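This briefing sets out selected features of the structure shown below.

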Amino acid sequence: MPNTEMIDRANAAREKVNTEIVPALLEAFADKAESIAPTGDLIPQVFVKPTALLDVALWLKDRGFNMLVDVAGADYYPKRDPRFEVIYHFRQFPALGMIRVRVRCTEKDQPHTLSHIWPMADAPEREVYDQFGVKFTGHPNLKRILNPDDWEGHPLRRDYPLRGPRALINLDMPAELNRFAAFVDDEHANTEKKPDGK
Amino acid sequence: MAQTFDTHEQDTMQLSIGPHHPATHGVLRVILELNGEIIVKAAPETGFLHTGIEKTAENLTWNQATAVVDRMDYLNSIGNNVGYCLAVEKLLGITDRIPERANVARVILMELQRITSHLVFLGTGALDLGAMTPIFWTFDLREHILDIFEEVTGQRMNPSYMRVGGLAHDLPEHFKEIVNNFLKIAPGKMQDLKNLILGHPIFKDRTIGVGKISEEKALALGLTGHNLRITGNDYDVRKYYPYCGYENYDFKVPTRQNGDLNDRISIRFDEIDESLKIIKQGIDNLPDGRHIIEDRKLVLPPKEEVKQSMEALIHHFKLVQQGFEVPAGEVYQAVESPRGELGFYLISDGGNKPMRMRVRGPAFYATYALGTLLPGHYVGDMVGIIAGIDPIFGEVDR
Amino acid sequence: MHPYLPLLIYLLVALVVPVAMSILGTSFGPSKPEKYKFLPYESGHPTSPLMGRFPVKFYMVAMLFVIFDVEAASFYPWAVNLRELGVFGLYEMITFMIVLAIGYAYVWKKGGFSWR
Amino acid sequence: MSDVFGEDGGFVTTTVDGFLRWAKSNSVWPLTFGLACCAIEMMNLTSPRYDLAQWGSEAFRASPRQADLMIVSGRLCNKMVPVARQVYEQMAEPKWVVAMGACASTGGIFDNYAVVQGVDNVIPVDIYIPGCPPTPDAVIHAIQMLRERIQGNDPKGGLKVNA
């Protein structure tokens, strides 16, 4: 007796988004949006230019996409020229239709923030800026959210080494360059004589 | 470096409830702007537990990344693993070839993990509101579940028990027996706990009408899970986007109407009862059969076979050395974690490592909802509200 | 046996014990006076010191506490020798409480207790 | 005066020293410095099954002024380094540090830009506990080792005569 009512509702909503919303969006934003074939999860996707993002978001909000699920960043460094991409997932609740708006951008052309429409967008946009360096125009306080405020570089970029600053130093680096040397005064350093007997 | 509020219209005092504070349930910093005892403005600041999990996952093969994903929301390790593995299986397109035994085992273990997370929430939440006894009862009951995890997966917490395609190894034979033992004692203890916490007059005074939120504000703040269901909205990923066969189980999604702290805590008891129901149904019809998908390209061949046949050895060698390739594409898979909708957005460029793993943490949006939840309350209420939204900073800071 | 001898012994002990503890503590305990030890503990993250004045509400609550705490303290001597004072003592204390109750009701009505 | 309080332990100092060591080792109060998954296992220490109260350490103090033992439970990240350093500095002497779990001891499985590869880069550590997360029994074993060390001849414990 599996109740597949929700699965049918989600499938029907997806069909509706594919047949009505996406074509209407492409024709409404003719030069600024292009469609993409959905992959694994069959969620309809649309490429949108950074300048048109705000209008597309408002346009979608009028068509029932009242839930902004997530704002994510991605970096296609070696393979694609506009290397960065900001991905917005919208959802129609309770109709359950979903759409993925992907905004290809470089460091210079900056998408507009959505935090004045959805207050939730404030924090993930700060994270995209912190991890990728993509700025958002009109953002209330665009500051680092995950890394310390004086951190150089944007860690989630493909060309950023996994070990970060440590990767660039060799092990026997002079203390003054070691980021944490300032915190370990000589007397406390862990080369302190171990209590005898242990 | 702290975010100071420069506009001091009245003489408000700035107070930093810092990263190392008993009331912040981990490493959260909330900068409060106080007018006497009333909070005027609150700015949460996180990042004190940023472990670079997404960057580390980009350097691990598809199956290795389960060990890292598991330590993100450390109270819902099995849920994280299942969410991640479902996303990879969607990319591979093998979701319907997963054996039934693996799906049912995943559901049972996820619901057990949900109960442990709710028990920690109830224990520490009541402790923050001043009740000392519940934390002993909840952690004692939680030990029973951790014993089950130790029997099944070998480790109490962060077991990394899921693989792409099913379970890492098969369930022990006496799995049904140990889970049934737990199911026998759980309802009685939960009823005692409910009487102890919800019936308490001080608890009622400190939670009724505190931290109220309306449905459309909760949707605008991106709240999901119990933070959204206390406003009457019954969005639950297990019901709306069923995965792992959740549509075969009949369970209700508990909701509340007036969206205050009392609802946030009382809804947990109903959620635990629902989870117990699901576990009961899962255990009753736990099918036999393979615990993982039958596909040599994805799954290590059994040990004895590797010693005999040459091509099993080649499969073994390739899988251990390189792992398997996943066709290029993007996928978003949502899973219902104890805190809300936990989403995995995976991008694969056809290689044997994920190109990008973005995790949509429900607690991340709940933590930054504090900015609108806290103002207007006393400082004493802030302790309850922070406990009420159930933040886990492994998932907030990834 | 001087009647006030127990009181003297009590005061003596109350003086000797803390002094002894602090002297022994400072002379025999390890002491490393470091910079951070003298900073106020602000749960790990220093914040800007208080710019404005303390709101007047704190002062109000402090004054009310002093009044009603002293009132409560004055019950002890009365309660200790309740037998000797007898009924007269009871009426005495009731009038004392009524006078203070009037003050309490006044403060309550004027909203001294509500924080907002 | 010096022979009675002599370094080699005249009569008085050994008995007072022995008494202080006995008192200190039976009331090591830990600090709630919970970071990540190990913090949940650290909370288990006070639960009925792994009762830490048997050795007098069940009072988890939140303020560093009242704590003797700082159990760094979880992965120490870059933004938390100044906080950990300040909290350690503000603990009153004698103080000990236990690095709980692989992440606190050596950075564990997170060998990346965000996690400090071992807490001993920032604060001196006395005892390292392996495990991810270590079971509460392992933490109790570590606390037993620390108590033996205090009762033995740990320079930080015992009597320190500063005239």
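**A partly exposed leucine in chain B**

B:Leu196 counts as partly exposed because it has 16 C-beta neighbours inside 10 Å; a residue is buried if 20 or more other C-beta atoms lie within 10 Å of its own, exposed if 12 or fewer, and partly exposed in between, with C-beta atoms placed from the backbone. This is a predicted model, in which local features need pLDDT of at least 70 and side-chain atom pairs count only at pLDDT 80 or more, while totals for chains, interfaces and linings use all residues. Residues are numbered from 1 along each chain as its sequence is written, and chains are lettered from A and ligands numbered from 1 in the order in which they are written.

- B:Leu196 lies in helix α6 (residues 175-198) of chain B; helices (H or I, at least four residues) and strands (E, at least two) are DSSP runs, numbered from the N terminus.
- Apart from neighbours within four places in sequence, B:Leu196 is in contact with B:Thr133 and B:Pro134, where contact requires C-beta atoms, placed from the backbone, to lie within 7 Å.
- The C-alpha atoms of B:Leu196 and B:Ile39 are separated by 30 Å, and these residues are 157 residues apart along the chain.

**Helix packing in chain B**

- α4(B) packs against helix α5 (residues 133-153) of chain B at an angle of about 165 degrees, with the axes 8 Å apart; axes are lines fitted to C-alpha atoms, for helices over the stretch in contact, and angles run from 0 to 180 degrees between N-to-C directions.
- α4(B) and α5(B) are therefore roughly antiparallel to each other, a term for angles over 145 degrees.
- Residues of α4(B) that meet α5(B) include B:Leu112, B:Ile115 and B:Leu119, and those on the α5(B) side include B:Pro134, B:Phe139 and B:Ile148.
- By class, the contact of α4(B) with α5(B) has 13 nonpolar, four polar and one charged residues; Ala, Val, Leu, Ile, Met, Phe, Trp, Tyr, Cys and Pro count as nonpolar, Asp, Glu, Lys and Arg as charged, and the others, Gly among them, as polar.

**Contacts between chains**

- Five pairs of chains touch, and the most contacts are between chains A and B.
- The contact of chains A and B takes 36 residues from chain A and 40 residues from chain B.
- On the side of chain A that touches chain B, the largest share, six residues, comes from β3(A).
- That side of chain A has 22 nonpolar, eight polar and six charged residues.
- Chain A and chain C do not touch, and their nearest C-alpha atoms are 12 Å apart.

**The largest nonpolar core**

- The largest nonpolar core has 206 residues, of which D:Val72, D:Leu76 and D:Val98 touch the most other members; such a core is a set of buried Ala, Val, Leu, Ile, Met, Phe, Trp, Tyr and Cys residues joined through C-beta atoms within 7 Å.
- Helix α4 (residues 100-128) of chain B gives the most to this core, with 14 residues.
- Beyond four places in sequence, the contacts of D:Leu76 include D:Leu35, D:Val81 and D:Val122.

**Backbone features**

- A cis peptide bond joins A:Phe93 and A:Pro94, with omega about 0 degrees.
- Another cis peptide bond joins D:Cys132 and D:Pro133, with omega about -10 degrees.
- A:Leu96, in the loop between β4 and β5 of chain A, has phi near 75 degrees, a positive value in a residue other than glycine.
- A:Leu96 is buried, with 20 other C-beta atoms within 10 Å.

Key. Two residues are in contact if their C-beta atoms, placed from the backbone, lie within 7 Å. Angles under 35 degrees count as roughly parallel, over 145 as roughly antiparallel, 65 to 115 as roughly perpendicular and the rest as oblique.
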